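Please read it alongside the sequence and the coordinates.

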Amino acid sequence: MASLLIHSSISPSTVGPVSSSFTTQKNTLFDFKYRPNLTKRRTPRISISAVTGDSDSTGFQFPDQSKADAIKSFKFKLLSAVSGLNRGLAASEEDLQKADSAAKEIETAAGPVDLLADLEKLQGRWKLIYSSAFSSRTLGGSRPGPPTGRLLPITLGQVFQRIDILSKDFDNIVELELGAPWPLQPIEVTATLAHKFEITGTCSVKIIFEKTTVKTTGNLAQLPPLEIPQLPEQFRPSTNRGSGDFEVTYLDSDLRVTRGDRGELRVFVIS
């Protein structure tokens, strides 16, 4: 809102003492009191200037919503967008777009991630709550992997990533339930895909596959773990050479957002 600054050009020397008989007569606009018997009356000249802007008369700028509050709001929006999607297995095309849009908002608000400065934030056990790759209905996402649903009696449980920044260990831990013919009970197993990782850029990570270990749980927990050897390189599919790259696009103490080398969006929370 524009404010008006009013400046009078009347010099104090041109105005004599105020007559007591004229104290009731005054200009209500400028609040000036004039003596009626001035020898030479000067017409007051008024200059008006407009001051525009968003600040008040003191120059105080009203602050916008703080960055921390904005990020907090976007975190809630992202978590809401991915909730109820069974880690992405039940996501429709519309769900995928909403999740991607919410992720871009928090990525933009927080700015680029610098893993060289915040590497310790990677440390810990992270729970996967959403992967856009799971919408392909395979456990491998956009990479080769066993399908879920009716083709194979496999039920996906929780998925974790365990990261140790000192040893450079990067393990994908997948809980699975393998169906069995009646009257046998389903077999519960935990598969650990062990990797090593290295930081290849300010926000880029490369993982190199080492081995897979399968351990039964539940009623068969007493069985020893089984290590599945890696296929010789010449027999591995060209699309699955045991390594991968991804970028960490958002990271704080309890939320991590990544984008894979094939465009897959993943959201993790600390567990």
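A70 counts as buried, because its relative accessibility is 16%, and A70 belongs to helix 1. The model is a predicted one, and in it the C-alpha atoms of A70 and I106 lie 8.3 Å apart in space, although 36 residues separate the two in sequence.

A salt bridge also joins the side chains of K77 and E105, with an N to O distance of 2.9 Å. Because K77 lies in helix 1 and E105 in helix 2, this pair ties together parts that are 28 residues apart in sequence. Both partners fall in the intermediate class of accessibility: K77 counts as partly exposed at 40%, and E105 counts as partly exposed at 25%.

## Overall architecture

The protein has 2 helices and 11 strands, and read along the sequence these follow the pattern β-β-α-α-β-β-β-β-β-β-β-β-β. Of its 271 residues, 30% count as buried, while the accessible surface comes to about 17100 Å², with 56% of that surface belonging to carbon and sulfur atoms. Among contacts with a separation of 6 or more, residues 24 or more positions apart account for 57%.

K211 lies in strand 7 (residues 204–216) and E227 in strand 8 (residues 226–228), so the pair ties together parts that are 16 residues apart in sequence. K211 counts as partly exposed at 36% relative accessibility, and E227 is partly exposed with a relative accessible area of 49%. Elsewhere, salt bridges that share partners join D100, K104, E107 and R259 into one network.

## Aromatic rings and charges over rings

There are 2 aromatic pairs in the count for this model.

Which residues lie over the faces of F160 and F268? R125 lies over the face of F160, at 4.0 Å from the ring centre, and R256 lies over the face of F268, at 4.3 Å from the ring centre.

## Backbone geometry in the loops

Most residues other than glycine have a negative phi, and most peptide bonds are trans. Against that background, N86 has a positive phi of about 50° although it is not a glycine, and R87 has a positive phi of about 65°, again without being a glycine. N86 is placed in the loop between helix 1 (67–82) and helix 2 (93–110), and R87 lies in the loop between helix 1 and helix 2. As for accessibility, N86 counts as partly exposed because its value is 40%, whereas R87 is buried, with a relative accessible area of 12%.

A cis peptide bond joins W182 and P183, with omega at about 10°, and P183 is found in the loop between strand 5 and strand 6.

S132 lies in the loop between strand 3 (124–131) and strand 4 (154–164), and S132 counts as buried because its relative accessibility is 17%. Leaving aside neighbours within four places in sequence, S132 is in contact with L96, G263, E264 and L265.

I187 belongs to strand 6 (residues 187–199) and counts as partly exposed, because its relative accessibility is 31%.

Definitions and conventions. Residues numbered from 1 in each chain as written. Predicted model: local features only at pLDDT ≥ 70, side-chain atom pairs only at ≥ 80, totals over all residues. Heavy atoms only, no water. Helix = DSSP H or I, 4+ residues; strand = E, 2+ residues; numbered from the N terminus. Buried < 20%, exposed > 50% of the residue type's maximum accessible area, 1.4 Å probe, protein only. Phe/Tyr/Trp six-rings, centres within 6.5 Å; stacked < 30°, edge-to-face > 60°. Lys NZ or Arg CZ within 6 Å of the ring centre and 35° of its normal. Contact = heavy atoms within 4.5 Å. Areas by Shrake-Rupley, 256 points an atom, 1.4 Å probe, with all protein chains shown as cover. Salt bridge = Lys/Arg side-chain N within 4 Å of Asp/Glu carboxyl O.
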